[in-house]
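Here is a short report for a reader who is new to this structure. Please look at the sequence and the model first.

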Amino acid sequence: MEIKNIYKSFGDNKVLENISMRFDEGITCIMGPSGRGKTTLAYIIARLVAPDSGEISFPGGQKKISLMFQEDRLLEWENAISNVLFVTKSPILGGVRKKREYLERGKELLTQAGLADSMYKKAAELSGGMKRRVCLCRALIADYDLLILDEPFKGLDSGIKPSIMDMVKSHAAGKTVICITHDPAEAEFLGGELVAVNRLE
Amino acid sequence: MKISSSFHKSLKAIPIILFWLLVWEAANFFIESNLIIVSPRETFARLFALAQTADFWRSIGTSMGRIMYGFGLALGAGIIIAAVSARFKLFHQLMLPAINAINAIPIASFTILALMAMQARNLPVFVAFVTVLPIVFYNTHKGIVSTDPLLLEMADVFNVPPWKRIFYIYFKTVAPYVLSAANVGIGFAWKSGIAAELIGIVRGTIGANLHTARIFLQTADLFAWTIAIVLLSYLMEKLFMLVFNRRGVKWK
């Protein structure tokens, strides 16, 4: 996936100026301090925000994108497993086998994320770190070619963080993953290509 | 725990009810005219006597059926119009003046106009409908537009199908608004429906019984029917809350 000459301003605030990048298979970490346009770039790639000018090209046509937002954006009234399954393509009627497959996959992901005991707890009852892990599982269960993770480890305690980072690494195999972070240690752990920015230009 | 707290609440209400019954009794004592006011004892005795007749229950059944029919139609139409309005701005601009007009027109005007256009027996249905429609529309529309845009954006990214968005996002956000509109609307439907029956003298209804009591100066009947209306309205609101609000709390 490639972006070419991307420009984006919000009013007088020039956020992105002439950004060109290429993202290949594996993990690419975009690292830099807050307020440098990293999230805006992620939203442009995810087609949530239109650039003022520039080009985004996917070899072989449009690709399916999954995004882990910087905010949790969970259905607070639903439990963890429902939140994860929300983004799956289960049909409204029938499709029992498909639904069962998604359910098993969802449970597997939540278990990997250390949430085996909390999968039937409502999102509103989960701690900040647990919510982040549910968000990660939601992003991972979606059918995607390109996965964008915006500050995926924010709020995770140091005990669980390495295993969650390992989980991301294992799921990145054979996929294109963009990970946005402001923590050099996270970028180093994940490995892959590193794009360090002070200002995206 | 729940039963004991509601039981205590009922116990606390008893002295208040007794106080107002005493005020009523005192008013009856001082006014002394049985044409203007009758005592609580006479009223309840008459209500008890009426409750033993088949006509009493038939009138209640007829009124309740028609008013609830109008209420149900308004609930359905209000939700649909609000949903389409929230989706299409032009439709909202078209509908809003009409709903505002329906809301502003007095029930009496509606009833008189409707009397000229439709059969009297349809009057309570129509009047309950126009009374409840704006309440449901305003509330539901408010609920839909207050749906968290970040959740909708999340659903866009994952290409979540419309049925899932409706069921998991809109339904859960809008349900408390619809329930609150229905809770208020049920009382309004009841009052306006009976007023329509009275103005249109719709045969075999509570409104027609009130009319007869007024014509023949049967003040005890008038009071008894009024008590019956108040009790039925209270019961219907409680029943509605029991059936739907429990689910509403769960939804939240």
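Chain B has 10 helices and 0 strands. Helices (H or I, at least four residues) and strands (E, at least two) are DSSP runs, numbered from the N terminus. The model is predicted: local features need pLDDT of at least 70, side-chain atom pairs count only at pLDDT 80 or more, and totals for chains, interfaces and linings use all residues. Residues are numbered from 1 along each chain as its sequence is written, chains are lettered from A and ligands numbered from 1 in the order in which they are written, and side-chain values use heavy atoms, with hydrogens and water left out.

**Chain B overall**

The C-alpha trace of chain B spans about 75 × 55 × 30 Å along its principal axes. Chain B has 252 residues, and 39% of them count as buried. Buried means under 20% relative accessible area, exposed over 50%, and partly exposed in between (1.4 Å probe, protein chains only). Contact means heavy atoms within 4.5 Å. Among contacts in chain B with a separation of 6 or more, 72% join residues 24 or more positions apart.

Helix 2 of chain B covers residues 40–50. Its buried residues are B:Pro40, B:Thr43, B:Leu47 and B:Leu50. Seen down the helix axis, they fall within an arc of 95°, so they line one face of helix 2. The arc is that of the directions from the helix axis to the C-beta atoms. B:Arg41 and B:Phe48 are exposed on the other side.

B:Ser63 sits in helix 3 (residues 54–87) of chain B. B:Ser63 has 0% relative accessibility, so it counts as buried. Leaving out residues up to four places away in sequence, B:Ser63 touches B:Trp190, B:Glu197, B:Thr205 and B:Ile206.

**Where chain B meets chain A**

In chain B, 18 residues are in contact with 22 residues of chain A. The area buried between the two chains is about 1900 Å², and carbon and sulfur atoms give 68% of it. Buried area is the accessible area (1.4 Å probe) that two parts lose on being put together, summed over both.

There are 2 salt bridges between chain B and chain A. A salt bridge is a side-chain nitrogen of Lys or Arg within 4 Å of a carboxyl oxygen of Asp or Glu. Helix 7 (149–157), helix 8 (162–200) and helix 10 (219–251) of chain B each supply at least two residues of the side that touches chain A.

Two side-chain pairs are listed here.

| Pair | Kind | Distance |
|---|---|---|
| B:Lys172 and A:Glu78 | salt bridge | 3.0 Å, closest N and O atoms |
| B:Ser63 and B:Glu197 | polar contact (N or O atoms within 3.5 Å, one able to donate a hydrogen and the other to accept it; residues adjacent in sequence count only if both atoms are side-chain atoms) | 2.9 Å |
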